[in-house]
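Hello,

Here is the structure we talked about handing over. Please have a look at it first; my notes follow below.

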Amino acid sequence: MRKRSVTVRVARWSALHPGLAIIGWLVFVVLCLGAGTAAGMNSATSKDFRVGEAGRAEALATDGGLPLRSTEHVLIRAAKGPLDKTAAAAAVRDVTDRMEALPEVASVAPPARSADGRVLRVQVELHGSEQDDQKNVPPLQAVTEKVKKAHPGLVIEETGDASVSKGVDDQRDKDLQFSEAITLPVTLITLAVVFGSVVMVGVPVLLAVTSIMATMGLAMLASHLLPDTGVGMSMILLIGMAVGVDYTLFYLKREREERARAGGRLTSAAVVEAAAATAGRAIVVSGLAVIVSTTALFLARDVIFDSLATGTILVVAVAMVSSVTVLPALLVVLGRRAERRAAKRLAQGKPVRTRGMRGRSGIRGRSETHGERESGRVWSALLAPARKRPALTLCIAVLAMLGLAVPALDMHLKNPARDSFSRDIDAMKGYDRLLDSFPELRVRHFVVVRADAARAGDVRKALTALDRAAQDDPLFARGSGAPLLRSAADHRTTLLELNAADPTYSRNAEVSLEHLRKDLLPRTVGQVPGAETAVTGEVARGVDYVGHQNDKLPLVLGFLLLMTFAMTVLAFRSVVLGLLGALLNLLSVGSALGLLVLVFQGDWAEGLLAFDSLDGISSRVPLFLFVILFGLSMDYQVFVVSRIREAALNGVPTRQAVLDGIASSAKVVTSAAIVMVTVFASFVMLHILEMKQMGFVLAAAVLLDAFVIRVMILPAALLLLGRATWWPSRAFRGPVNPAIGGAQDRTGPITGEVGGGGWARPQSNAYDPLRVQTDRRAQTDPHRARTAQ
């Protein structure tokens with residue numbers, strides 16, 4: 001007998017010491033939370049978000065003493081009719097005096113009147129960076145409310161960078177609470193259907209929740225190495241529930257199979273140990289695959305993706321550890337409870353039934369019968385096309401997936417801007433009224449110039465010429481008065497603000513930026529010797545961010561394909577499976593992206609899903625999808641192919657092994673997919689467009705992966721490949737056993753017939769707890785050993 005793996009040894013210790021294992025896990029969770037709370041969260045700063053020329057412009061401005069600060073606007077108008085000038089002037093003085101007294105306020109500008117004279121605007125500039133908005137803006141909003149009450153004859157409201165940002169974050173928090181309220185009940189119902197036991201439902205949820213709690217503490221510690229952007233915790237909740245339940249489902253499935261296979265001859269500890277030999281290894285391989293895939297996000301060199309990757313890696317690692325450590329202990333506790341009930345029933349002369357997942361799991365009959373019994377008629381019907389006509393099924397399914405992927409070829413990436421935020425936010429309603437009255441404020445381009453102090457006069461002249469050129473250009477908004485110029489105290493840095501009236505995500509806004517950078521700047525400021533220039537602003541940030549993502553996408557995708565191939569080859573010793581896995585992942589991602597473009601890039605689904613189309617896709621979504629879906633697809637592939645490989649190693653012909661492996665794992669894969677789809681689909685109901693797109697594309701990808709890739713394309717491909725599936729491994733080659741029509745079975749079944757639900761293991765090299773337990777008993781009680789045999 002070969003040496004037991006680390007996974008089996010850990011499970012064995014946990015099974016033999018369940019109390020210590022459970023207490024140890026709870027202590028670990030408490031320590032993680034305590035350490036994280038004590039260390040606190042280290043949030044990202046403005047400089048962590050800087051990308052491209054826009055980031056360089058912000059660095060120039062900050063270093064030169066002209067930092068770009070958040071701006072709030074207090075709007076004053078009449079409820080009906082023309083604006084009373086006297087009342088409005090009094091309100092302006094009140095707003096100005098109160099705002100200037102606040103420590104959060106850097107400056108208050110003189111009032112500006114709209115073109116129609118119906119609205120007055122007081123511009124307030126805040127201290128600090130955008131990351132300080134959450135704590136800086138509430139005092140300003142409180143002042144606005146006081147002024148509003150002091151002047152009841154006027155309509156006074158506040159909007160701007162900080163208030164919109166706070167409104168979006170508050171809305172995101174409410175949306176996540178709503179999503180969690182939906183996800184948990186659906187998860188519980190799904191698990192109840194799968195297990196048919198209220199007690200067993202609690203195990204996956206308990207492990208998922210405790211894993212999430214521990215990860216939150218670890219994430220706080222990790223934020224001191226990689227700053228948190230506020231999205232990491234959301235990712236921990238999203239992936240933690242999905243993966244935590246997924247891993248536990250798979251382990252529970254194998255534990256029930258082993259219990260049924262043993263027929264009451266093994267203790268709960270031995271049953272759990274047997275499950276660890278197969279399910280434990282698959283969970284570790286799957287978890288490592290997700291972790292390795294997710295590290296690709298770090299290649300994007302983006303603080304948001306760093307935060308997403310950190311949260312995902314930590315929660316997957318913790319969920320993986322919980323599944324192979326404390327889960328065996330919990331199963332032993334529940335198993336011993338079931339054994340006591342069974343002993344009591346026997347003492348009363350009542351029959352005792354051994355159950356698998358939602359039904360009897362007897363160990364009789366051929367593999368195909370077992371597979372049908374495990375999966376049910378529905379799954380047998382779904383697998384029928386691949387079983388009967390694999391070539392035709394493969395062609396039709398692949399063509400259908402490629403057809404879904406076609407719209408992705410026309411995908412336009414855009415960075416969601418303020419104009420795309422939900423109008424359920426009060427500050428966004430005020431923002432719309434602000435732009436109705438002052439359309440020139442919709443887009444602001446900031447030109448930053450750094451030069452020697454001796455060139456300050458030349459720089460100002462050049463910037464003035466640039467402002468005049470922009471005034472005559474239809475791409476820019478016409479202003480009134482002098483150019484919006486600011487100079488640093490040392491006269492080395494100068495900033496000019498130019499405005500445009502198009503929506504921030506529109507093509508015209510992007511064209512105005514391109515025209516400014518490539519034409520207007522070189523003709524004016526570019527003529528000043530030694531002057532360094534850069535342009536920033538919301539449009540510039542978005543354009544530069546999309547360009548940055550496009551540059552990194554090939555690198556990330558190449559890394560993902562390489563790692564998917566390498567992990568599959570290492571796990572299954574098959575180059576063919578490695579290539580097949582990479583191709584199937586590409587097919588799944590491409591189809592999901594095609595659906596995303598079809599739904600969100602146009603406007604036909606706006607009313608159905610409650611969003612305003614950007615005529616494009618959020619720039620973060622494709623890269624995020626590639627990484628997360630490659631990891632989750634590896635989950636399914638490891639679970640399914642592990643079952644197929646077990647059967648094939650036991651001498652079952654490849655064709656039958658494929659059908660049995662997919663059928664026997666169908667219920668787990670389906671259940672995990674339902675949980676994941678529920679978690680992801682709940683995000684479609686959120687207000688933030690980027691989260692809608694992420695939720696939709698992930699839910700669509702999981703559905704396609706679970707019900708098309710794993711049910712039609714994968715089995716059809718494996719059936720056509722036959723033994724070539726395992727190339728170059730020689731473990732599956734051997735003499736033919738006429739009894740089963742395939743390679744000679746090198747095992748002796750523990751119980752029942754070869755090819756039954758027991759999945760008999762090779763006696764020559766596998767760990768068999770039943771044989772170990774029987775051998776131990778034989779040393780002390782030969783009669784008992786003979787009875788067990």
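**Salt bridges**

D544 and R517 form a salt bridge, with 2.9 Å between the closest N and O atoms. D544 sits in helix α17 (residues 538-572) and R517 in helix α16 (residues 507-523), so the bridge ties together parts that are 27 residues apart in sequence. Both D544 and R517 are buried. Keep in mind that this is a predicted model.

That pair is not alone. A search of the whole structure finds 28 salt bridges. Side chains of opposite charge can pair when their charged atoms come close.

Another pair is R444 with D161. Their closest N and O atoms are 3.7 Å apart. This bridge links distant parts of the chain. R444 is in strand β9 (residues 443-450), and D161 is in helix α6 (residues 161-195). Are R444 and D161 buried or exposed? Both are buried.

Next, K253 and E257. Their side chains meet in a salt bridge at 2.3 Å, N to O. Both residues belong to helix α8 (residues 232-262). They are four residues apart there, so about one helical turn separates them. Both K253 and E257 are buried.

K253 and E257 also belong to a network of salt bridges.

**Confidence**

Over residues 356-374, though, the pLDDT is below 50. Beyond near neighbours in sequence, that stretch has 53 contacts in the model. Residues 734-789 also stay under 50. For residues 734-789 the model has 113 contacts beyond four places in sequence.

**The chain as a whole**

The chain has 789 residues, and buried residues make up 56% of them. Its secondary structure comes to 24 helices and 15 strands. Now take the contacts between residues at least 6 apart in sequence. Of these, 79% join residues at least 24 apart.

**A helix pair: α21 and α22**

Helix α21 covers residues 654-681, and helix α22 covers residues 689-721. How do α21 and α22 pack? Their axes are 9 Å apart, at an angle of about 175 degrees. That makes α21 roughly antiparallel to α22. By class, the contact has 18 nonpolar, two polar and two charged residues.

Here is who takes part:

- From α21: R655, V658, L659, I662, V669, T670, A673, M676, V677, F680 and A681.
- From α22: G695, L698, A699, V702, L703, A706, F707, R710, P715, L718 and L719.

Start with D705, in helix α22. It has 0% relative accessibility, so D705 counts as buried. What does D705 contact, leaving aside its neighbours within four places in sequence? The partners are S588, S633, Y636 and R710. R710 also features in the contact of α22 with α21.

Then go to D94, in helix α4 (residues 85-100). D94 has a relative accessible area of 17%. The cut-off for buried is under 20%. D94 is therefore buried. Leaving aside neighbours within four places in sequence, D94 is in contact with V147, A150 and H151. D94 and A150 are 56 residues apart along the chain. Their C-alpha atoms are separated by 9.0 Å.

Last, I22, in helix α2 (residues 18-39). Its relative accessibility is 22%, so I22 counts as partly exposed. Not counting residues up to four places away in sequence, I22 touches V326, A329, L330 and V333. How far apart in space are I22 and S322? The distance is 10.0 Å, C-alpha to C-alpha. In sequence, I22 and S322 are 300 residues apart.

Best wishes

How values were computed: Residues are numbered from 1 along each chain as its sequence is written. This is a predicted model: local features need pLDDT of at least 70, side-chain atom pairs count only at pLDDT 80 or more; totals for chains, interfaces and linings use all residues. Side-chain values use heavy atoms; hydrogens and water are left out. pLDDT is the predictor's confidence in each residue, from 0 to 100. Contact means heavy atoms within 4.5 Å. Axes are lines fitted to C-alpha atoms, for helices over the stretch in contact, and angles run from 0 to 180 degrees between N-to-C directions. Helices (H or I, at least four residues) and strands (E, at least two) are DSSP runs, numbered from the N terminus. Angles under 35 degrees count as roughly parallel, over 145 as roughly antiparallel, 65 to 115 as roughly perpendicular and the rest as oblique. Ala, Val, Leu, Ile, Met, Phe, Trp, Tyr, Cys and Pro count as nonpolar, Asp, Glu, Lys and Arg as charged, and the others, Gly among them, as polar. A salt bridge is a side-chain nitrogen of Lys or Arg within 4 Å of a carboxyl oxygen of Asp or Glu. Buried means under 20% relative accessible area, exposed over 50%, partly exposed in between (1.4 Å probe, protein chains only).
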